[in-house]
Amino acid sequence: MSLTGLHLTAIGSGRFLLEPGVGLDISQKNELIDRILGRLQQGGACLMYYHLGGQPVIEEAYYDWLDTLARACTAINVRMVCVHMQPTAAFALSHILKAPPAFDSALSVDL
């Protein structure tokens, strides 16, 4: 599934990889989340990896996008794990967080 700025790929065993890219418009997050959740449900997902390798900094608006997406995934029983987070993004995120995030993080995708 491709949306402008997003690519969602089934990688097997109920796992999906979501890769954001150029053109991602998080101001349209409700529509994006609706389409992502529909694809995850259709594919019988239990886990979605969110690839953050191309995101050098996470500011509050982007964190809100991640948090909302993770909470929506939780509502359909899909765990969201952010992978390949750059050190600069992790540092910026640490200044935003007031509580544990709704998503997990890992160095890479478990195959």
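Which unit do strand 4, helix 2 and strand 5 make? They make a right-handed β-α-β unit, with helix 2 at residues 60-75. A crossover is right-handed if, with the strands pointing away from the viewer, the path from the first strand over the helix to the second runs clockwise. From strand 5 the chain crosses through helix 3 (residues 87-96) to strand 6, and this β-α-β crossover is right-handed. Strand 3, helix 1 (residues 29-42) and strand 4 also make a right-handed β-α-β unit.

This is a predicted model: local features need pLDDT of at least 70, side-chain atom pairs count only at pLDDT 80 or more, and totals for chains, interfaces and linings use all residues. Residues are numbered from 1 along each chain as its sequence is written, and side-chain values use heavy atoms, leaving out hydrogens and water.

Helices (H or I, at least four residues) and strands (E, at least two) are DSSP runs, numbered from the N terminus. Two strands pair if DSSP finds at least two bridges between them. The pairings are listed here.

| Strands | Direction | Bridges |
|---|---|---|
| strand 2 (residues 6-12) and strand 3 (residues 15-20) | antiparallel | 6 bridges |
| strand 3 and strand 4 (residues 47-51) | parallel | 4 bridges |
| strand 4 and strand 5 | parallel | 5 bridges |
| strand 5 and strand 6 (residues 104-106) | parallel | 3 bridges |

Strand 2 and strand 3 form a hairpin with 2 residues between them. Ser 13 in the turn has a positive phi of about 55°. Leu 8 stands opposite Leu 18 in strand 3.

Other partners follow. Leu 17 has Tyr 49 in strand 4 as its bridge partner. Leu 47 faces Arg 79 in strand 5. Cys 82 is bridged to Ser 105 in strand 6.

Strand 5 (residues 79-83) is mostly covered. Of its 5 residues, 4 are buried (under 20% relative accessible area, with exposed over 50% and partly exposed in between; 1.4 Å probe, protein chains only).
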